[in-house]
Amino acid sequence: MSFIEDPSDDLKVTAPKTWATGLPAVTHALQYSLGQTSPLRTALTLLNINQPKGIDCPGCAWPEPPAGERHRNEYCENGAKHINDEATSRRVTREFFREHSIAELDGKSDYWLNQQGRLTEPMVKRPGATHYEPVGWDEALGLLAAELKASASPDEALFYVSGRLNNEAAFLLQLFARAYGTNNLPDCSNMCHESSGSAMSETLGIGKGSVSLDDIHHADLVFVVGQNPGTNHPRMLSALEETKRNGGRVVAVNTLPEAGLLRFKHPQKARGIIGRGTPIADQFLHIRAGGDLALFQALNLLLLEAEDAAPGTVLDHDFIRAHTTGFDEFAEHARKTSWDDVLRATGLTREEIEEVHERVLGSGRIIVCWAMGLTQHKHGVPTIREVVNFLLARGNIGRPGAGVCPVRGHSNVQGDRTMGVWERMPQAFLDALGREFGFTPPTRHGLDAVNGIRAMYEGRARLFLGVAGNFVRATPDSAVTEEAMRKCRLTAHVSTKLNRSHTVCGDTALILPTLGRSDRDVQAGGEQFVTVEDSMSDVHASRGKLPPASPQLLSEVAIVSRLARLTLGDEPAVPWEEFEADYGTIRDRISRVVPGFEDFNARVSVPGGFTLPNPVNARVFPTPSGKAVFTRNAFTMPHVPEGHLLLQTLRSHDQWNTVWYAPNDRYRGIHDARRVVLVNPADLAALGLADRDTVDLVSVWHDGRERRAEGFRVVAYPASRGSAAAYYPETNVLVPLDSVADISNCPTSKGVLIRLEPAEPTGASAGTSTGASAGASAGAVTPIGVPPGSRVDP
């Protein structure tokens with residue numbers, strides 16, 4: 001099939017896979033890569049990706065083994081696709097924009113936009129224009145600087161960052177924003193792992209995970225909760241395979257059976273090519289959506305009861321006394337857990353939960369890994385706090401082979417936050433930044449992603465600068481988000497490739513093309529490298545190897561530096577030109593501002609880089625009490641009225657973030673279609689629907705407005721009862737802007753209350769086209785009445 005035009009929508013369904021990776025993954029990775037670029041460029045990227053002196057994969061944030069222990073092919077199928085999607089030989093030129101109006105581009109799919117290739121020069125959409133036109137860098141950045149200087153308040157501007165950004169550019173962007181006068185620094189973590197940071201900061205004093213790759217390898221028991229490693233971070237499967245080979249066990253907790261957690265065929269080992277591979281999950285808990293809080297409350301109750309039966313043999317009392325606070329209150333609350341509530345919330349049997357409990361009692365070192373299946377629920381923060389309770393009770397925090405492991409899904413999302421890209425950075429960071437650069441940073445908390453959309457919608461924010469990412473398609477409530485963006489005076493996006501955010505324009509819109517992770521970066525001071533931080537706090541260098549896609553591209557560091565000079569002038573006295581010429585000078589400043597980065601340049605020059613210190617691993621907890629905190633978390637579960645389902649949005653296998661590379665989800669058996677909804681056969685029968693029926697997905701929310709995603713084919717699938725699953729970004733339209741997790745404000749994309757309405761199979765609404773998946777009809781928001789007597793808050 002052509003990789004430039006949209007593939008036709010022709011749904012085919014096969015049985016879900018019971019294993020992941022193996023030879024098919026290698027074949028698909030090479031097919032896609034060679035469809036994008038030449039064999040030589042493919043070889044250059046694949047031989048250098050995730051190597052000590054090579055290119056850090058711009059995909060997921062899973063860590064690499066130590067420098068001397070890496071395979072020559074240290075990448076996964078999706079990483080290979082993503083790096084060569086960036087390294088594509090296709091180019092988007094001024095002629096392309098002359099031929100295609102913005103309105104026409106707005107009607108294209110995410111796939112089509114991405115497949116056109118790399119952006120090559122700055123473009124501007126002027127007020128009232130129908131097309132983008134070329135613009136020089138000086139004029140483009142001058143337009144943006146002029147709007148920033150003309151704003152009534154610095155808080156009218158939003159500076160959004162995606163996890164693709166490197167540490168050096170992220171540090172400069174937050175420095176620029178704060179020197180300009182605002183903490184409006186929303187980032188992609190606001191949409192995914194904000195609940196993790198909120199829960200762990202409160203209970204452990206630090207918002208990062210505490211485990212290393214070696215801890216995973218040597219754990220006795222690893223929980224993999226609410227995540228799909230086979231698609232979202234496949235190299236995690238090789239780590240879990242090592243766990244199993246070392247005698248450890250794995251418990252998978254998910255609303256869907258995931259192929260990679262059933263059996264893994266390692267493509268770099270003979271047993272993964274010609275053998276049966278390695279079974280991963282020793283036990284699979286097919287949990288109901290949103291039932292994880294109840295599960296861990298039940299496990300904590302069973303731990304307390306086991307301690308009662310054999311005092312001094314179950315809980316780690318020495319650890320609890322020395323390093324925690326709040327245990328007695330936690331225990332009193334936990335003993336009130338109702339098994340009726342637990343079984344109703346989880347959909348599990350008591351025997352299944354007690355089997356897990358026996359595994360826990362037989363394990364000295366336990367790790368709990370999780371992703372957005374926990375974080376993107378209204379009660380995501382209490383759920384993660386309960387996970388921490390579970391680990392604290394037996395001392396499984398701050399020792400080898402044990403701890404918390406939030407698995408982040410984007411290359412440098414953790415590094416960006418470490419560098420200061422957060423709307424609520426602690427005062428100690430702001431003070432250090434101010435001392436280093438001679439100014440007083442603003443202290444008032446800024447806007448996160450959800451509140452930023454609301455501010456644009458209400459006219460309080462009028463300028464949007466997005467550095468990397470695809471904000472329009474990554475955020476909830478698509479119609480509201482798009483209307484908010486179109487109300488801006490100016491929108492600007494620093495990007496490598498075309499995406500839908502470029503078609504949703506303010507009065508003035510800028511496309512600022514930048515170097516990719518795979519491109520060589522040569523500045524006045526010579527060839528540069530950048531750094532990233534992975535999910536386990538390892539910081540290492542990344543060096544591009546390919547000639548840039550165009551001589552007119554600027555690095556992200558250069559774009560931020562030049563914009564800052566034009567906007568701020570000499571106040572404060574920041575050496576922006578020096579930073580652009582030599583990134584080592586940025587790292588010198590980082591080393592004096594960000595704890596753990598002392599002697600940054602020297603330490604990152606060592607192959608493999610270095611690991612940031614985590615006080616939790618020394619059992620030092622930077623909480624107000626100086627101890628880890630047990631918490632009491634009220635039982636809660638999503639309420640799903642009769643005739644409704646709880647929808648979770650998810651990625652297909654052939655997808656990275658908001659970009660899909662093919663209309664397939666091989667592991668789940670979905671081929672040549674994306675507008676599908678996966679529903680348990682028993683739920684379909686109860687709803688009076690049949691496999692392959694065409695339906696509209698209608699989300700139900702207490703604001704009395706209808707959000708509708710049209711023309712989805714129903715696929716009978718082993719989803720947990722009462723739940724449904726469908727791909728984002730097509731279903732982001734269904735997630736209300738106000739439906740957020742308590743405390744963290746993270747969108748509840750794994751807990752969207754919906755009903756399925758039969759639809760006539762005609763046109764795009766029948767899924768016969770893969771055209772604009774967020775167009776006007778799919779994003780309709782119209783007033784409706786709430787069904788009498790129905791409680792609709794999930």
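Tutor: Start with the pairing of strand E8 (residues 221-225) and strand E9 (residues 249-254): the two run parallel and are joined by 5 bridges. Within this pair, Leu221 stands opposite Arg249 of E9. The model is a predicted one.

The pair belongs to an open sheet of 5 strands, ordered E12-E9-E8-E14-E15, and the pairing is parallel. At the edges stand strand E12 (283-286) and strand E15 (403-406); each has a single partner strand, so one side of each is left without a neighbour in the sheet. On average, neighbouring strands of this sheet are turned by 15° against each other, direction ignored.

Helix H15 (residues 292-309) lies across E8, E9, E12 and strand E14 (366-370), and its direction is at about 155° to that of E8. Helix H19 (residues 350-361) also packs on the sheet, where it touches E8, E9, E12 and E14. The direction of H19 makes about 140° with that of E12.

Next, the nonpolar cores. The largest has 66 residues, and Phe159, Phe171 and Phe176 have the most contacts inside it. Helix H8 (residues 167-180) gives the most to this core, with 10 residues. A second, separate core has 54 residues, among them Leu295, Leu303, Val314 and Val368. Leaving aside residues up to four places away in sequence, Phe171 touches Met419, Leu433, Phe437, Ile586, Arg589, Ile590, Val593 and Val594.

Some backbone details elsewhere in the chain deserve a check. Most residues other than glycine have a negative phi, and most peptide bonds are trans. Asp477, not a glycine, has a positive phi of about 50°. Asp477 is found in the loop between helix H25 (471-474) and helix H26 (478-486), and is buried, with a relative accessible area of 0%. Ser537 is not a glycine either, and has a positive phi of about 65°. Ser537 lies in the loop between strand E21 (530-533) and strand E22 (538-542); at 5% relative accessibility, Ser537 counts as buried, because the cut-off is under 20%.

There are also cis peptide bonds. One runs from Glu571 to Pro572, with omega near -5°, and Pro572 is found in the loop between helix H27 (556-568) and helix H28 (576-581). Another joins Tyr728 and Pro729, with omega about 10°; Pro729 is found in the loop between strand E32 (723-727) and strand E33 (752-758).

Technical notes:
Residues are numbered from 1 along each chain as its sequence is written. This is a predicted model: local features need pLDDT of at least 70, side-chain atom pairs count only at pLDDT 80 or more; totals for chains, interfaces and linings use all residues. Side-chain values use heavy atoms; hydrogens and water are left out. A nonpolar core is a set of buried Ala, Val, Leu, Ile, Met, Phe, Trp, Tyr and Cys residues joined through side-chain atoms within 4.5 Å. Buried means under 20% relative accessible area, exposed over 50%, partly exposed in between (1.4 Å probe, protein chains only). Helices (H or I, at least four residues) and strands (E, at least two) are DSSP runs, numbered from the N terminus. Contact means heavy atoms within 4.5 Å. Two strands pair if DSSP finds at least two bridges between them. Axes are lines fitted to C-alpha atoms, for helices over the stretch in contact, and angles run from 0 to 180 degrees between N-to-C directions.
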